[in-house]
Amino acid sequence: MTRSTIWRRAAAVLAVGALAAVGAAGAAQAAPIIDPATTGSIVVHKRLNPTGTLLPGNGLPDASAPGTPLEGIEFDVQRITTVDLTTTAGWTAANGYAANPSTISAGDLAPATTQTTAGAGGTATFSPLVVGAYLVTEQLTPAQVADGLTPAPPFVVTVPMTHPTDLDTWIYDVNVYPKNLQSTVTKTVDDGPDTTYQVGDRIGWTVTTQVPAQTTTQFVFKDVLVEQLEVTAPVADTVAVTVGATTLVPTTDYTIDADALADDNTLVVRLTPAGLVKLNDRVGTTDKIALAFTTTVLSLPTNGVIENTATVFPNDSFPETGPGITTPPVVSRFGEINILKRDSATNTPLAAAEFKVFASEADASAYAADPVANADRALTAQQNGTGALVSTFVTGADGTVSITGLRASNWQDGVRLTDSTTFQNYWLLETKAPTGYELATAPIGAITVLYDQNAPTVLPHGDITVPNVGKPELPLTGGQIATGVFGLLGALVLTGGVLLVIRARRQGARG
């Protein structure tokens, strides 16, 4: 982040002490004459996450200043070489720079002196300092930014400044209390029962952080979705932003970047000025701001793990072109059921057996009772992990088939389940038996698709062997016997006919 960029954001966050320097300008001319030979100091007291109403500092130590003392924060102090505090023009210039530090030319700044806050008070002391106006700039490390720290904007301090109550006295040792905000951003996943069973189903995600402790002119959510997900259409109906108990209004309070969604599969939600008013109304409270949205599962990675993070840019100190505050990864896990179909007597693999899979035994039984009316109860997945989603799974020549794309039984809402009574189990129904074999008589289950935390890269799975009993041979129906009998009777009839003919001929000869 460039210094000029930081300066332009100075108005976004109040750096306590800067206004104190501005306020000193008007009173300075009524105080005794400044002694240019006297040196002073700037004592930085760093505070984290202040609460309540923040007041401008007055240059004096303040044991009641809100926030937790924070050590390990680096500051640069640079004298503004063009400001002469022994003149009215100098104080006028200091006032202008305090109001807008970005107007200070880099060529008008002396080399920086650097100190890091330390100790129980989180302080850094810059001393000795000659009389003048100084630019104070906080320098956060990349690790501190990644940890969610929001830097205080640069601010201007004069040495000396007028005492807040003894208006004829100068303070040469000036105490300032710049504040840091630390945002903790979390992301949760909702892939539990009634929402997510299979590829093609929906997964809900929620990104949450606290309302800023100080007013802001920017707030942006950004979620770079993995290729296995897409925001469920219509997008406007599946995205929602809340501040505390208030649900923000789409378009009016926030916008969704359609181009980013179309080009990069990235969901970007920005608060509008109207939305920022509602957010800033809750500054200093314990309220949360949250983005909730729904995605559709398009496919699976090879390990069955759909992982995602989100990033928040909570104020101007976090431009979208730089790093924001990113959530820890959150995952949803999918696996498969592996079926082996075999002859119950010989263990011979059986091909051409057909199965359907269901999310409950009741669904499987309902389908068995009325396949037409309950066709939509059957789950869809990939057969053997490839191709289009299907609802019928057919064993191959080796007697096996895999139903790939079922949510892991023991992983839900981003955590591993240990209580088996809470597992999402599955049931199979054999809908067509191999030729010469009987169908399975009832739904087969419960089947668990287990995630193994000791082998996290292995696809969660459940293995099941389904034996088939051959059809028993029935007694002969008599078909061959009947043919023989009728043949014999026919022969007898024919023989009888011949005899009758012969007999009639004999009788005719006699007459």
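**Entry 1: a hairpin**

Over how many bridges do β18 and strand β19 (residues 246–247) pair? I looked and found 2, in the antiparallel sense. My ground rules: this is a predicted model, so I take local features at pLDDT of at least 70 and side-chain atom pairs at pLDDT 80 or more, while totals for chains, interfaces and linings use all residues. Residues are numbered from 1 along each chain as its sequence is written, and side-chain values use heavy atoms, leaving out hydrogens and water.

For the terms, I call two strands paired if DSSP finds at least two bridges between them. Strands (E, at least two residues) and helices (H or I, at least four) are DSSP runs, numbered from the N terminus.

β18 and β19 form a hairpin with 2 residues between them. Gly244 sits in the turn and has a positive phi of about 60 degrees. The bridge partner of Val243 in β19 is Thr246. On β22, Val243 stands opposite Ile289. β18 and strand β22 (residues 288–297) run antiparallel and are joined by 5 bridges.

I then followed the side chains along β18 (residues 239–243) and saw them alternate. Val239, Val241 and Val243 point to one face and are buried (under 20% relative accessible area; exposed is over 50%, partly exposed in between, with a 1.4 Å probe and protein chains only).

**Entry 2: a sheet and its helix**

Next I looked up an open sheet of 4 strands, in the order β30-β27-β34-β35 with antiparallel pairing. β30 (393–394) and β35 (444–447) are at the edges with a single partner strand each, so one side of each has no neighbour in the sheet. Inside the sheet, β27 (residues 354–358) and β34 (residues 426–432) pair over 5 bridges in the antiparallel sense. Phe355 has Glu430 as its bridge partner in β34.

Helix α8 (residues 361–369) packs on this sheet and touches β27 and β34 (contact means heavy atoms within 4.5 Å). Its direction makes about 15 degrees with that of β34; axes are lines fitted to C-alpha atoms, for helices over the stretch in contact, and angles run from 0 to 180 degrees between N-to-C directions.

Which residues of α8 are buried? I noted Asp363, Ala364, Ala366 and Tyr367. Seen down the helix axis, they fall within an arc of 165 degrees, so they line one face of α8; the arc is taken over the directions from the helix axis to the C-beta atoms. Their cover includes β27 and β34. Ala362 and Ala369, on the other side of α8, are exposed.

**Entry 3: aromatic pairs**

I counted ring pairs and got 4. Rings of Phe, Tyr and Trp (its six-membered ring) pair if their centres lie within 6.5 Å; planes under 30 degrees apart count as stacked, over 60 as edge-to-face and the rest as tilted.

One of them joins Phe358 and Tyr367: the centres are 5.5 Å apart and the planes at 50 degrees, so I logged the pair as tilted. Phe358 is buried at a relative accessible area of 0%, and Tyr367 is buried at 11%.

Trp411 and Tyr451 are edge-to-face, at 5.1 Å centre to centre and 75 degrees between the planes. Trp411 lies in strand β32 (residues 411–412) and Tyr451 in the loop between β35 and β36 (461–468), so the pair ties together parts 40 residues apart in sequence. Trp411 is buried at 9%, as is Tyr451 at 8%.

Where are the cis peptide bonds I noted? One runs from Val159 to Pro160, with omega near 10 degrees. Pro160 lies in the loop between β9 (155–159) and β10 (161–162). Another runs from Ala233 to Pro234, with omega near -5 degrees, and Pro234 lies in the loop between β17 (229–231) and α5 (235–238).

I also jotted down Asp194, which has a positive phi of about 75 degrees although it is not a glycine. Asp194 is exposed, at 71% relative accessibility. Ala352 has a positive phi too, near 70 degrees, and lies in the loop between β26 (330–343) and β27.

**Entry 4: the whole chain**

Last, the totals: the protein chain has 9 helices and 36 strands. Of its 511 residues, 46% are buried.
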